[in-house]
Amino acid sequence: MNPIPALKFVSRVAIQNILRNRGIAVASVLTITLTLLGAGVAVVVVHALDGVLHTEESQASVLKVFMADHVAFASEVNLEQNLGSSASVARTTFENKDQAAQQAGSSLGLTQAINLLERSGAGNPLPASINFQLRNIKAVSQLNREVRTSALLDSGPHPTDYNADVIPRLERYIFVAQLGGGLVVGVVGAVALVIITISVRTAAYVRRREIEIMKLVGATDWFVRWPFVLEGVIVGVISALVASLILLGVGFGFGGGQGLALGVGARFALLTVLALVVAGGALGSVGSFVGVRRSLAT
Amino acid sequence: MSISTSPPAPVVMTGARSGDLARSEPPIIVFEKVTKIYANGQAAIRDASFTVRPRDFVFVVGASGAGKSTVIRLLIREERATEGHVLVEGQDLARLKHRHLPRLRRKMGIVFQDFKLLPSLTVEQNVAFAIQVTDPGRPHLKEKVGEALYIVGLEDKLNAYPTELSGGEQQRVAIARALVHRPRIFLADEPTGNLDPDAGWGIVQLLQQINHRGATVVMATHNREVVDLCRRRVLAIEDGRIVRDEAEGAYLRDGDAIL
């Protein structure tokens with residue numbers, strides 16, 4: 001069989017079918033648009049939530065190591081370089097006693113107290129510290145255990161500091177957000193698949209005589225199936241484009257002229273649209289394949 | 001009933017008539033101890049054996065529910081034999097893979113009582129449909145469709161829709177559609193069932209012309225008059241069994257009650 005005329009014929013039949021059964025086609029597009037819209041919203045919300053959680057995570061992934069006052073500068077640098085060379089450490093920053101005093105003054109409002117102590121001759125009570133920014137929040141407690149064995153640390157009750165209680169909570173939030181988003185996308189995808197299958201099954205029922213004749217005159221199963229599959233792909237892609245337009249419209253609307261809402265970037269928006277189009281096309285083809293199978297049974 | 005009994009209109013002969021030549025060739029259709037039992041337990045065909053030679057014209061007769069249509073359905077492999085073998089051109093249909101079914105059906109022309117035309121397509125489009133769905137790139141599509149419609153005498157109805165045609169004309173369109181693949185075997189399941197006697201006789205004449213052109217014709221019917229007028233081979237089925245096989249038979253055996 002020559003593929004070009006076959007493709008032309010299949011495309012023509014698919015478009016004719018959509019136009020002829022436009023009631024079913026429009027209903028399918030609307031329902032699939034709604035389901036894909038649900039999936040799109042879930043993806044965007046999970047992405048935004050993920051962004052927030054990752055910001056929180058990066059802030060919580062800092063291990064502050066307080067140095068003892070007597071430690072030589074070279075030893076501090078050595079400790080910083082030794083631990084900083086670990087793959088789990090993204091970067092390190094050193095904070096000397098003056099910087100610590102400034103930081104405490106500005107963020108905790110302790111300027112007067114610190115000045116008073118310095119004037120009384122007691123000196124700056126705040127220790128120097130090394131801040132380890134880790135790539136993964138789970139690595140913080142491990143590094144904490146390692147660093148605590150060093151004799152260079154402050155001898156006080158808290159030689160290191162990190163948000164120990166925040167970490168498991170953040171891990172739980174991230175897991176729940178990803179699981180929830182995945183479930184929503186999965187359920188919505190399954191619903192879209194069922195809708196397409198039912199609509200193609202209905203279309204196949206409406207066109208059962210045509211299918212019967214095609215088979216009687218010797219059309220192959222694939223030739224019978226292709227127009228339906230193409231029809232499903234067209235309906236799926238149109239639904240995905242409509243859902244994408246709505247998502248982008250709402251995103252820009254809530255963005256207040258500052259781009260898309262929820263901090264969604266152009267790259268992610270484009271990827272989401274592409275993913276929806278691919279998902280719509282895939283759902284359409286799979287749904288049609290399944291939907292028309294019964295008609296080809298004999 | 002008043003039907004014209006004039007012989008078939010003259011046509012261009014492209015095949016030999018049934019006769020001595022056919023006798024020397026292997027059968028084109030073989031039923032070998034075939035039994036068909038449907039899922040509901042009903043036995044439609046019981047232990048049926050017969051052969052059909054190339055270019056034969058065979059009437060399969062019997063009352064409604066006797067099993068005539070099942071014979072046709074077995075031949076196009078719409079149904080599979082429960083027991084026994086159905087062979088078409090030497091191919092055992094039980095062993096035929098599903099993907100090779102289209103090839104079998106392209107060798108056959110099939111018409112039914114209900115015409116099976118697509119109402120949204122014109123006469124020309126209905127006939128062209130058979131080519132478009134099997135070989136969409138085939139050259140000279142229009143000419144082939146025109147030729148098929150000329151054979152059935154509807155060359156002036158190209159743009160008519162099925163609903164604008166009489167029953168006889170609709171059946172002729174179905175026959176033209178079945179002819180475009182130039183089938184070696186032509187199967188007709190009650191093709192006159194929905195037609196008045198004159199239109200029915202016209203269809204039988206057309207099938208005889210197709211047979212004259214070289215195709216083997218198997219026609220399932222309970223139209224007694226056309227069978228009696230044609231005096232062709234008759235296979236009679238009763239309750240799924242072949243009870244009679246006559247070379248120039250009538251619908252009923254002498255002494256049989258009218259069904």
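Analyst: Start with the contacts of chain A. Of those between residues at least 6 apart in sequence, 87% join residues at least 24 apart. Two residues are in contact if their C-beta atoms, placed from the backbone, lie within 7 Å. This is a predicted model, in which local features need pLDDT of at least 70, side-chain atom pairs count only at pLDDT 80 or more, and totals for chains, interfaces and linings use all residues. Residues are numbered from 1 along each chain as its sequence is written, while chains are lettered from A and ligands numbered from 1 in the order in which they are written.

Chain A has ten helices and four strands. Both are DSSP runs numbered from the N terminus: helices are H or I with at least four residues, strands E with at least two. Their order is α-α-β-α-β-α-α-β-α-β-α-α-α-α. Of the 298 residues in chain A, 31% are buried. Buried means 20 or more other C-beta atoms within 10 Å of the residue's own; 12 or fewer means exposed, and in between means partly exposed, with C-beta atoms placed from the backbone.

Which residues of α10(A) are buried? They are T272(A), L276(A), A279(A), G280(A), L283(A), G284(A), G287(A), S288(A), G291(A) and V292(A).

A loop residue of chain A gives another view. A72(A) sits between β1 (62-66) and α3 (73-84). A72(A) counts as exposed because it has 9 C-beta neighbours inside 10 Å. Its C-alpha is 9.1 Å from that of L152(A), 80 residues away along the chain.

Two of its helices meet: the axes of α6 (residues 167-179) and α7 (residues 197-212) of chain B come within 9 Å and cross at roughly 20 degrees. The contact uses G167(B), G168(B), Q171(B), R172(B) and I175(B) of α6(B). From α7(B) come A199(B), G202(B), I203(B) and L206(B).

Note on methods: Axes fitted to C-alpha atoms, helices over the stretch in contact; angles between N-to-C directions.
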